[in-house]
Amino acid sequence: MTGRLESSADLSVGFALAHVLSILYLSDVSVRLVRWQSSDDPRISAMKIPPPAALYDKAVCTSRGLKKLSRSKLSWKATSACIRALISLAESLKGTDHWIMPGTFADEIEAIPALQLQYCLDHIPKGIYGIDDLAAVLEAGAGYLLTCGNGPADLASKFEPGLHALYERLTSEHRVQSMSTMELACISKAIAAWDLYKQKSDQDLFLSEIVLEIISRKSISGLLGRHIYDTSCAAMGQQFFILDALAVSYPFVRLEIIRNRMLEIFERLYSIAYREIPGAFSFWRKDAAISAFAAGAVVSCLGRISRFYSDTAKKEVLLESRHTAVDLLIRPYIDRYSSPIRKAVKWYRIMQDTVNAGIHPWPNLCPVFSKKVPLSPDTRLEHSCKGMVRLADLMYLCASLLQYSKN
């Protein structure tokens with residue numbers, strides 16, 4: 001890093017960039033394109049190292065950096081979350097010389113999402129995958145076309161057929177009542193992203209059916225239940241993720257009962273889970289801990305839910321809670337790992353200046369957000385970059401933080 005970081009928005013970009021370097025460039029947790037130098041995209045063919053076409057699902061943090069677990073398998077959720085994160089990161093960096101990277105880095109990472117989306121669409125039809133995998137790829141693909149569709153003229157014709165096929169599978173092959181609440185939330189986010197890209201102006205009846213089913217699943221505590229037959233409450237991160245999905249879907253449903261029920265559940269969740277000190281969410285009274293997935297869901301949900309409040313004071317409280325949560329999550333990480341992050345940036349630049357450069361992570365070069373971060377008695381988050389992590393959760397957190405930085 002070359003400058004001092006002050007704002008949480010700046011910290012968010014720095015956090016995401018450090019993770020992109022660690023995961024995509026300085027580790028072995030991705031499937032890399034072998035013949036990239038013959039690519040039709042000049043940005044891909046000019047790269048010094050093989051670009052990452054897809055990510056595995058699990059990795060482990062060691063003294064030698066981030067390593068793929070031997071039992072790890074390809075993860076379409078992780079790859080899709082990576083697409084979303086890279087699109088937002090490129091937008092944040094493009095046209096500027098940021099504190100950690102020159103603006104030209106944005107051109108490189110802007111080319112990778114198209115490669116990853118093509119890889120997903122080439123391989124998904126060849127196997128049987130879960131609902132959340134199909135939904136993740138559709139959501140990422142729709143977001144990519146919405147953001148980058150004004151580029152090359154053939155983008156829509158290249159990706160739309162495959163994405164439309166995923167949309168058809170999600171809307172025709174599954175019964176709403178048989179799916180878990182999280183699966184419904186994943187589908188609703190994907191369909192809402194597709195409707196936004198297609199500029200749908202009328203009510204989406206299938207999406208309305210999904211969100212009505214979601215809000216009908218009330219747990220015994222007044223929160224959202226796990227399944228239609230299970231009245232136990234979903235985990236904290238899932239509560240925020242599902243509410244975020246309802247908020248994303250609302251413009252294509254426009255039913256007042258959805259808005260009222262969504263805010264009712266959120267108010268209940270806020271009263272149960274929010275701790276004034278240190279300004280974090282937890283369902284535990286004594287020891288608090290937050291995962292990368294839960295952190296990403298909280299940051300994303302608070303921003304979207306706040307838009308449904310007409311009370312300015314209430315909206316400001318939620319946005320301040322969001323700001324506090326982001327600062328609490330990221331600042332200790334940046335403070336503790338500023339030196340390794342600087343080394344990662346330096347090593348990336350060395351690779352770019354070296355012909356036929358390989359990937360040789362240095363010890364302690366790849367700090368990433370740990371699987372679950374505990375809260376110490378003095379309200380500090382105790383980051384320990386050790387143990388197993390899920391790459392989908394890390395990339396989801398990065399995408400949520402980058403969305404926060406834009407707002």
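Colleague: Is the crossing in which α9 passes α10 left-handed or right-handed?
Modeller: The model is a predicted one. Helix α10 covers residues 256-273, and helix α9 covers residues 236-249. Where α9 passes α10, the crossing is left-handed.

Colleague: Are α9 and α10 roughly parallel or roughly antiparallel to each other?
Modeller: Their axes lie 11 Å apart, and the two helices pack at an angle of about 155°. Angles over 145 degrees count as roughly antiparallel. The relation of α9 to α10 is therefore roughly antiparallel.

Colleague: Which residues does Leu 255 touch, not counting residues up to four places away in sequence?
Modeller: Leu 255 belongs to the loop between α9 and α10. With a relative accessible area of 26%, Leu 255 is partly exposed. Not counting residues up to four places away in sequence, Leu 255 touches Gln 203, Leu 212 and Tyr 250.

Colleague: How far apart in space are Leu 255 and Val 211, C-alpha to C-alpha?
Modeller: In sequence the two residues are separated by 44 residues. In space, the C-alpha atoms of Leu 255 and Val 211 are separated by 9.9 Å.

Colleague: How many residues apart in sequence are the parts that Lys 189 and Asp 244 tie together?
Modeller: Lys 189 and Asp 244 form a salt bridge whose closest N and O atoms are 3.5 Å apart. Lys 189 sits in helix α7 (residues 181-197) and Asp 244 in helix α9, so the parts tied together by the pair have a separation in sequence of 55 residues.

Colleague: Are Lys 189 and Asp 244 buried or exposed?
Modeller: Residues count as buried under 20% relative accessible area. Asp 244 has a relative accessible area of 0%. Both Lys 189 and Asp 244 are buried.

Colleague: In which helix does Arg 304, which pairs with Asp 244, lie?
Modeller: Arg 304 forms a salt bridge with Asp 244, with the closest N and O atoms 2.9 Å apart. The pair ties together parts that are 60 residues apart in sequence, because Asp 244 is in α9 and Arg 304 is in helix α11.

Colleague: Is Arg 304 buried or partly exposed?
Modeller: The cut-off for a buried residue is a relative accessible area under 20%. Arg 304 has a relative accessibility of 25%, so Arg 304 counts as partly exposed.

Colleague: Which residues does Ser 300 touch, not counting residues up to four places away in sequence?
Modeller: Ser 300 is placed in helix α11. Its relative accessibility is 12%, so Ser 300 counts as buried. Leaving out residues up to four places away in sequence, Ser 300 touches Asp 244, Tyr 396 and Ser 400.

Colleague: By about how many helical turns are Asp 327 and Arg 331 separated?
Modeller: Asp 327 and Arg 331 form a salt bridge, and the closest N and O atoms are 3.0 Å apart. The two residues are 4 residues apart in helix α12 (residues 312-336), which means a separation of about one helical turn.

Colleague: What are the relative accessible areas of Asp 327 and Arg 331?
Modeller: Asp 327 is partly exposed, with a relative accessibility of 23%. Arg 331 is also partly exposed, and its relative accessible area is 24%.

Colleague: How does α3 lie to α5, roughly parallel or roughly antiparallel?
Modeller: Helix α3 (residues 76-93) packs with helix α5 (residues 131-148) at an angle of about 20°, and the axes are 8 Å apart. Angles under 35 degrees count as roughly parallel. The relation of α3 to α5 is therefore roughly parallel.

Colleague: How many charged residues does the contact of α3 with α5 have?
Modeller: Residues of α3 including Lys 77, Arg 84 and Glu 91 meet residues of α5, among them Asp 132, Asp 133 and Glu 139. By class, the contact has 7 nonpolar residues and 3 polar ones, and its charged residues number 6.

Colleague: What share of the residues in the chain is buried?
Modeller: The secondary structure of the chain comes to 14 helices and 12 strands. Of the 407 residues in the chain, the buried share is 57%.

Technical notes:
Residues numbered from 1 in each chain as written. Predicted model: local features only at pLDDT ≥ 70, side-chain atom pairs only at ≥ 80, totals over all residues. Heavy atoms only, no water. Salt bridge = Lys/Arg side-chain N within 4 Å of Asp/Glu carboxyl O. Buried < 20%, exposed > 50% of the residue type's maximum accessible area, 1.4 Å probe, protein only. Axes fitted to C-alpha atoms, helices over the stretch in contact; angles between N-to-C directions. Parallel < 35°, antiparallel > 145°, perpendicular 65-115°, else oblique. Left-handed = near helix turned anticlockwise from the far one by under 90°. Contact = heavy atoms within 4.5 Å. Nonpolar A, V, L, I, M, F, W, Y, C, P; charged D, E, K, R; others polar.
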